Amino acid sequence: MATVGGLTTGVFAHPQQASATEHGEQQSAKKADVAEDLNGDGFADLVSGAPGGTVSGKAKAGYVAVTYGSAKGLDTANKQLVSRSTSGVPGSATAEQEFGKSFSKGDLDGDGYADLVIGSADASSGSVILWGSAKGLTGGTAIPGFGTTPQIGDFDGDKQADLALLGDPGSSGDDPVKQPAALWKGPVTRSGTPAKKLDFLDRSEWDDENNSATSISGPSTVRGVADVNGDGRQDLTFRRYEGDGVYSSDALLGSPSGFTVSQGPDDGGGDLDAGDVDGDGYDDLVVSGGSDLFDEVTVVFGAKDGLSADRRQKFDQSLEGFPGEAPSDGEMLGSCVSVADVTGDGRAEVALGIRWKNSGDKSDAGAVALLHGSDAGVTGQGSQLLDQDSPGVPGVAEEKDEFGAACALVDVDGDGHRDLNVSSTQENDSSGAVWSLRGTGTGLTTDDAASFGPSDLGAPVDGAQLGSSIR
C-alpha cells in the first residue's frame with residue numbers, strides 16, 4: 001500500500017476489526033447516536049482536522065484523522081486518515097486548500113451508519129462526502145462549489161438527515177455580501193443527489209435588493225446543530241456578518257420550507273455551541289468572545305419561539321465557584337465551546353477552552369474548564385479546570401502550547417457519559433495533539449486519559465495543527 005506524506009493513497013486504511021473480547025465489551029456499551037457512529041459498532045467516533053498537514057508535497061493541503069471509539073476509549077491503531085490524495089476521494093491535494101478545516105457527521109443516506117462531509121478553507125474547492133460502513137469510511141462523493149462549514153442535521157423534521165451548504169462569499173468589506181447557500185433534503189444518494197433542494201432561507205426573511213432565498217448575508221459560517229425551540233426539528237447555530245465589522249451569533253430555525261432567523265447576541269467573536277443547560281427541553285446557545293479579549297461567555301436560553309431576547313446569562317472566570325487562580329485579561333475564555341450532558345442529570349455541561357491561560361510561569365500554556373448546568377443556567381459550583389500539568393493528564397504544560405484550542409464532548413467509550421476531547425494545535429511545533437478525558441456521573445476524571453499526535457497516527461507531522469477542529 002503506497003503512502004504519500006504519511007497518508008494512504010491506495011485504498012482507505014480500514015480500522016482493525018475488534019477481537020472477540022472487544023466485541024463482547026462493545027455489546028455492553030450504551031449505543032451511540034447514529035449521527036456520531038461511523039462504523040456502526042455502538043461507539044461514537046472522533047474526527048480531528050489537520051488543515052496544516054503537508055500531503056503529496058503540498059503544504060497546507062490538509063487531512064482529517066478518524067479515531068474510532070471502543071469500550072477502552074480512543075485507540076490510535078483503530079483509525080483512518082483521509083486527504084485529497086486518498087484513493088476514492090474526489091480532487092487532488094492542493095497547497096493552501098486546508099482540507100479538513102471543517103466537517104460534520106450524520107447519516108445522509110439512511111443506512112444506519114454516520115457519514116462524514118468535509119470542507120476546506122478554500123470554499124471554491126467544494127466539499128466531499130465519505131460514506132460510513134461496518135468497515136469505516138468508504139468511497140467519496142464530490143459536492144462542487146460549497147466548501148465552507150457544511151453541516152448535517154434533520155432540519156425539516158422528517159427523520160431524514162439533510163445537508164446545509166455554504167459557498168464562497170468572495171471579497172467583503174463594511175457591508176454584508178451575498179454568500180451562496182444550498183439546502184439538500186435527505187436522503188442523499190451516493191451519487192450526490194438529494195431527495196430535493198429547498199430554499200435555504202424563508203423568502204420573507206430577506207429583501208430582494210440584498211439577498212435571495214438561495215443566499216445568506218455573508219461572510220458567515222455554520223457552527224453546529226441544536227433544537228432551540230423544541231419543535232423536533234434541528235436548527236443551525238450560525239455566526240453571521242451584520243456589517244461594519246459586527247457579527248451576530250444566531251440560530252437558523254429549521255422548518256419544512258427552509259430556515260428563519262432567530263437572533264442571538266451581536267457580540268461574540270470566539271466559538272459557540274448549544275445544548276440544554278437548564279434542562280427545560282429547549283437547547284441553549286452558548287457563545288464566547290463577548291469582548292475584544294475573549295473573556296466573557298453569553299448563554300442565550302432557548303424557548304418555544306426560538307432564542308430568548310430577555311433570558312440571557314453572561315459570566316467570566318469570576319463566576320462563583322469557577323476553579324483556579326484569579327483570571328487575568330486576555331486569557332481567551334471560550335477559545336472553544338462544547339455543550340452536552342456529561343453527568344446524565346438532564347442538564348448539559350459546558351466545556352470551555354482557555355488557550356492563553358498561564359500554567360505557573362508558563363505563559364499561554366492553556367487550560368480547559370468544565371462547568372455544570374442548573375435550573376438557573378451555568379454554575380461554577382463543582383466545576384473543574386484542567387491543564388497538561390494536572391495529575392493524570394498526559395504530557396506537560398509548556399509555553400505557548402495553547403491547550404484548549406478546540407474541544408468536543410463525545411462519548412467515545414460508550415458508558416453513557418460524554419468524554420471531553422480537547423486539542424492543542426501548537427503542541428510540538430504546531431504539529432498538534434488531541435487529548436481524551438473520560439466523563440463520569442460527577443464530571444471528568446483523568447483516570448485512563450489518552451492523547452495522540454500525528455506521529456502516533458502515522459500521519460504528516462510538520463505544521464499539521466492536528467485538532468484545529470474536532471467532533
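## A walk through the model, stop by stop

Begin by selecting β8 and β9: these two strands form a hairpin with six residues between them, and in its turn Gly136 has a positive phi of about 100°. Keep in mind as you go that this is a predicted model. Colour residues 127-131 for strand β8 and 138-143 for strand β9, and you can follow their antiparallel pairing over four bridges.

**The aromatic pairs**

Now display the aromatic side chains; across the whole structure there are four aromatic pairs. Go to Phe155 and Phe259: their ring centres are 5.2 Å apart and their planes meet at 65°, so the pair is edge-to-face. Phe155 sits in the loop between β10 (148-153) and β11 (162-166), while Phe259 belongs to strand β18 (residues 258-262), so this pair ties together parts that are 104 residues apart in sequence.

Next, select Phe403 and Trp435, another edge-to-face pair, at 5.0 Å centre to centre with 85° between the planes. Phe403 lies in the loop between β26 and β27 and Trp435 in strand β29 (residues 433-439), so you are looking at a link between distant parts of the chain, 32 residues apart. Phe403 is buried with a relative accessible area of 0%, and Trp435 is buried too, at 2%.

**Arginines over rings**

Two quick stops come next. Show Arg239, which lies over the face of Tyr247 at 4.1 Å from the ring centre. Then move to Arg311, placed over the face of Phe301 at 3.9 Å from the ring centre.

**The nonpolar core**

Which residues have the most contacts inside the largest nonpolar core? Select Tyr63, Val410, Val434, Phe452, Leu457 and Leu466; the core itself has 22 residues. Strands β3 (46-50), β4 (63-67) and β27 each supply at least two of its residues, and β27 gives the most, with three.

Centre the view on Val434 and look at what surrounds it. Leaving aside neighbours within four places in sequence, Val434 is in contact with Leu46, Ser48, Val422, Ser423, Ala450, Ser451, Phe452, Leu466, Gly467 and Ile470.

Return to the loop between β26 (377-386) and β27 (406-410) and pick Ser390. Ser390 counts as buried, at 13% relative accessibility. A polar atom of the Ser390 side chain lies 3.0 Å from the backbone nitrogen of Asp387.

The last stop is Asp276, in the loop between β19 (272-275) and β20 (284-288). At 16% relative accessibility, Asp276 is buried. Show its contacts beyond four places in sequence and you will find Gly281, Tyr282, Asp283, Asp284, Gly346, Arg347 and Ala348. To end, draw a distance from the C-alpha atom of Asp276 to that of Ser431: the two residues are 155 apart along the chain, and these atoms are separated by 34 Å.

Methods
Residues numbered from 1 in each chain as written. Predicted model: local features only at pLDDT ≥ 70, side-chain atom pairs only at ≥ 80, totals over all residues. Heavy atoms only, no water. Buried < 20%, exposed > 50% of the residue type's maximum accessible area, 1.4 Å probe, protein only. Polar contact = N/O pair within 3.5 Å; in protein donor to acceptor, adjacent residues only side chain to side chain. Core = buried A, V, L, I, M, F, W, Y, C linked by side-chain atoms within 4.5 Å. Contact = heavy atoms within 4.5 Å. Phe/Tyr/Trp six-rings, centres within 6.5 Å; stacked < 30°, edge-to-face > 60°. Lys NZ or Arg CZ within 6 Å of the ring centre and 35° of its normal. Pairing = 2+ DSSP bridges.
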